[in-house]
Amino acid sequence: MSFKRWRLPGLFALLVLAGCATLNDPLTLNDPTIPQVSERHFDKETTGKNTHSLFVCLTFSGGGTRAAALSYGVLEKLRNTEIIWKGKKKTLLDEVDCISSVSGGSFTSAYYGLFGDRIFTDYRAQFLEQNVQRALFLRMLNPVNWFRLASPHFSRSDLAAEYYDNTVFDHQPFAALAQSEQPFIIINATNLANGERFSFTQEQFDFLASDLNPYPVARAVAASSAFPLLLSPITLRNYPNAADYRLPKKVEGALEDYEDNRRRYYWARNRAMYVTEKDALPYLHLMDGGLADNIGLRPVESAFRSGFIRKKMGNNEIERLVILVVNARTQSADKISQRQKPPGILYVANATATVAMDNYSTESVEVMRDLEIARKQTQDTFDKWSKTLGESGDALKRELASGKLVPTMIDVSFEALSEATPDEKARKQYFLELPTNFKLSKEQVNNLINIGPELLDLSPDFRALLESLAVTLPAAAP
């Protein structure tokens, strides 16, 4: 056979092979050389300026470039906010311990987790000011990629992940996050099989018998931001566990809690399914994290109830706990209710995917605030009655065995903007109606970055935090 006769089929075969998506690797058990990226992150001794005694968790919402730019503006504000903690001057950003993110917010959290302060010099030009949608569309028009996309093992999201890997995340794997001095980064997607949140942490990957370390950060971000209809799922492999593998004790115990604690039961059920049903679930298909939790707050809530935050509370390592939610939610003016004709299918599809997200996000914030209030009330009650109650106060003592701390919940969103005058109302509506996409203008990006610090300054909770940390505050707006 001549070269001319086989080169075209051969080229086609090579392109199809090149179109195979990257899957996750199996876990190498008991290998001490692997620095696992998980809650074990907090087992390391702190170095540098971070103390863990002032424990700050940020959550970055979904919302395309709008969310990425707003969260970047908040990071800049924290970097520029000097505080005094334990007698030492530092910035509030120095004390950030974890960032949980979804969708557009995951670009900012992952970039900061990988590259630290480089985000303040490179990120705007490298990502925020880029027309990402146009770049992806041009790649799909490239005939070379037609063959790859024709493969059942390569999708639009795989193409997007490849683009992010090449242009934003510099081919970095999760192992780079393990070695970083930056905060613990939790990138969240949604498992289409059960609608459950899926976090890219080694703790989660343990149930898949998979090693997170070599997995590209760009693919996790692609899964976190794979909005339905526009993009396709990112697939993971669920590997068989070792024959002598047993579920962690806290998961086994929670599986017995159906009648007593449904929350714990379903938390455990949605992890055990990868092990107990491995024959039925050899693969996972992940999409936009906002489908399960559009502000990334649920992993922090879970950590507060029974995860790494609770563990540090139990060891009396946390004195001040700060949870800062950066919510870039939109609220477009209601036009469909002004006419009899029902909206079209595209509007309905978008509303179905986003309206429920925003309602659930509001509830998530309120659940966390309830936990904050309950914690304060329990501590106040114990302080007031500890001597009087004596042995009968054992229940309170057990509740506070996790140590005494001061919790602060801060919620940042465009809703805080004033609408007292027509100009202020128009300005607020401008931010609420910015599109959820990846192609904002430089002016829009700049406005979003600048509004982040302003929204923080408008927050009474943030101002109270700064006052308690010996910060000289700017004058409040009239």
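This structure holds 1 disulfide, a term used here for a pair of cysteine sulfur atoms within 2.5 Å. It is a predicted model, in which local features need pLDDT of at least 70 and side-chain atom pairs count only at pLDDT 80 or more, while totals for chains, interfaces and linings use all residues. Residues are numbered from 1 along each chain as its sequence is written, and side-chain values use heavy atoms, leaving out hydrogens and water.

**The disulfide**

- A disulfide is a covalent bond between the sulfur atoms of two cysteines.
- Here the partners are Cys57 and Cys98, with sulfur atoms 2.1 Å apart.
- The pair links distant parts of the chain, since Cys57 sits in strand E2 (residues 54-60) and Cys98 in strand E5 (residues 96-102), 41 residues apart.
- Helices (H or I, at least four residues) and strands (E, at least two) are DSSP runs, numbered from the N terminus.
- The link of Cys57 and Cys98 is right-handed, with 120° about the S-S bond.
- Both Cys57 and Cys98 are buried; buried means under 20% relative accessible area, exposed means over 50%, and partly exposed lies in between (1.4 Å probe, protein chains only).

**The chain as a whole**

- You can find 19 helices and 12 strands in the chain.
- Of the 478 residues in the chain, 50% are buried.
- Contact means heavy atoms within 4.5 Å; among contacts between residues at least 6 apart in sequence, 78% join residues at least 24 apart.

**A helix to look at**

- Helix H2 (residues 64-79) has 16 residues and should span 22 Å at 1.5 Å a residue; its end C-alpha atoms are 23 Å apart, which agrees.
- That expected span is 1.5 Å times one less than the number of residues in the helix.
- H2 is mostly covered, with 15 of its 16 residues buried.

- Gln204 lies in helix H9 (residues 202-206) and is buried, because its relative accessible area is 5%.
- Leaving aside neighbours within four places in sequence, Gln204 is in contact with Arg197, Phe198, Ser199, Arg271 and Tyr274.
- Thr408 belongs to strand E12 (residues 406-413) and counts as buried because its relative accessible area is 10%.
- Thr408 and Arg320 are 88 residues apart in sequence, yet their C-alpha atoms are 7.8 Å apart in space.

**Salt bridges**

- Side chains of opposite charge can pair when their charged atoms come close.
- A salt bridge here is a side-chain nitrogen of Lys or Arg within 4 Å of a carboxyl oxygen of Asp or Glu, and the whole structure has 19 of them.
- One joins Asp94 to Lys49, with the closest N and O atoms 4.0 Å apart.
- Asp94 lies in the loop between strand E4 (88-91) and E5, and Lys49 in the loop between strand E1 (25-26) and E2, so this pair ties together parts that are 45 residues apart in sequence.
- Glu259 and Arg262 meet in another salt bridge (3.6 Å, N to O); Glu259 is exposed at 62% relative accessibility, whereas Arg262 is partly exposed at 39%.
- Lys312 and Glu317 also meet through their side chains (2.6 Å, N to O); Lys312 is buried, with a relative accessible area of 6%, while Glu317 is partly exposed at 30%.
- Salt bridges that share partners join Arg298, Glu301 and Arg305 into one network.
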